[in-house]
Amino acid sequence: MTTSSGTAPADADRATAAPPATVRRGAYRRLSVEARRAELITAALGLFAHHVPEDVSLDDVASAAGASRPLVYRYFPGGKQQLYEAALRSAADELEGCFEEPRTGPLSSRLGNVLDRYLTFVDEHDAGFSALLHGGSVAETSRTSAIVDEVRRAAAEQILRHVAADAAADGPAEEPGARLRMMVRTWITAVEAASLIWLDENKQPSAGELRDWLVDHFVALLTATAATDPQAARVMRAALAAEPAHGPVGALVRRVAPVFGEARHLL
């Protein structure tokens, strides 16, 4: 987590705004600069997760952290905007971590694990996640937009590493080409859009059903790309070879086969 430069404010500064004595006694702790700043960011993140930024004040953050408004300003002299960007950076780091997954086992299982963590994050940060990605918040700036775009790119790179590993299993190692990169970034965009719609629909269907549907989407996109891209075809062959018959890809094939069976006239 990024730390601010400058001299640390003493915890005694909290007395200047004097929150209720019960809060002050229960929350008073001598913390390092980094720990105190992290405490304020955590409190802010909890509020921004469930309220749009313009509905959260510095007084709200101070109260949630058991601190004073002047103390919040000591650590974040830029006010709420600086604090929001710090909280967003913290959330972005957590969100990027959702896409880290060991490159072992069937690709569908790896994608499912990633999506489980991602949808848990979306569920826990519902209002804040929606406000951020829908855009239009008064707190949105070029810096916040850059942080969000960084998460998208980091997520795509993580998935591309899995794709590249599977391609190497069926041929020489190579960097993902333009079509594979476009396919993966398209899927990341679809995951993001589906998550926002899921929140709009009161988190229906269940997170598990949404996860499985998004894995199906990945397989469908990869299949379509493999039809015209040799590298994607190698990924597809390697991925299918590692999939168990009882897994999600096997279930998808069994559901789709009858549909295509009715289209023999197209062959």
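Start with the salt bridges: there are 15 of them, a salt bridge being a side-chain nitrogen of Lys or Arg within 4 Å of a carboxyl oxygen of Asp or Glu. This is a predicted model, in which local features need pLDDT of at least 70 and side-chain atom pairs count only at pLDDT 80 or more, while totals for chains, interfaces and linings use all residues. Residues are numbered from 1 along each chain as its sequence is written, and side-chain values use heavy atoms, with hydrogens and water left out.

**Stop 1: a salt-bridge network**

Select R89, D93, E96 and E150, which are linked in a network of salt bridges. Within this group, R89 pairs with E96, with 3.4 Å between the closest N and O atoms. Are these two partners buried or exposed? R89 is buried at 18% relative accessible area, and E96 is buried, also with a value of 18%. Here buried means under 20% relative accessible area, exposed over 50% and partly exposed in between, with a 1.4 Å probe and protein chains only.

**Stop 2: bridges between helices**

Next, pick D116 and R211, whose closest N and O atoms are 3.0 Å apart in a salt bridge. D116 sits in helix α6 and R211 in helix α10, so the pair ties together parts that are 95 residues apart in sequence. Helices are DSSP runs (H or I, at least four residues), numbered from the N terminus.

R255 belongs to helix α12 (residues 248-261), 39 residues from D216. D216 counts as buried at 16% relative accessibility, whereas R255 is partly exposed at 48%.

**Stop 3: T225**

Further along helix α10, find T225. T225 is buried, with a relative accessible area of 13%. Which residues does T225 touch, not counting those up to four places away in sequence? They are R179, M183 and A232, where a contact means heavy atoms within 4.5 Å.

**Stop 4: an enclosed space**

Now select L107, F218, M236 and V249, which are among the residues lining the second largest cavity. Its volume is about 80 Å³. At least two lining residues come from each of α6 (107-124), α10 (207-226) and α11 (230-242).

**Stop 5: the whole protein**

Zoom out to see 12 helices and zero strands. Of the 267 residues, 43% count as buried.

Terms used: On a 1 Å grid over the protein atoms alone, a cavity is a set of points where a 1.4 Å probe fits but cannot get out, and a pocket is an open set with protein on both sides within 12 Å along at least five of seven lines; lining residues have an atom within 4 Å of a point. Grid points are joined across faces, edges and corners, and a volume is the space filled by probe spheres set on the points.
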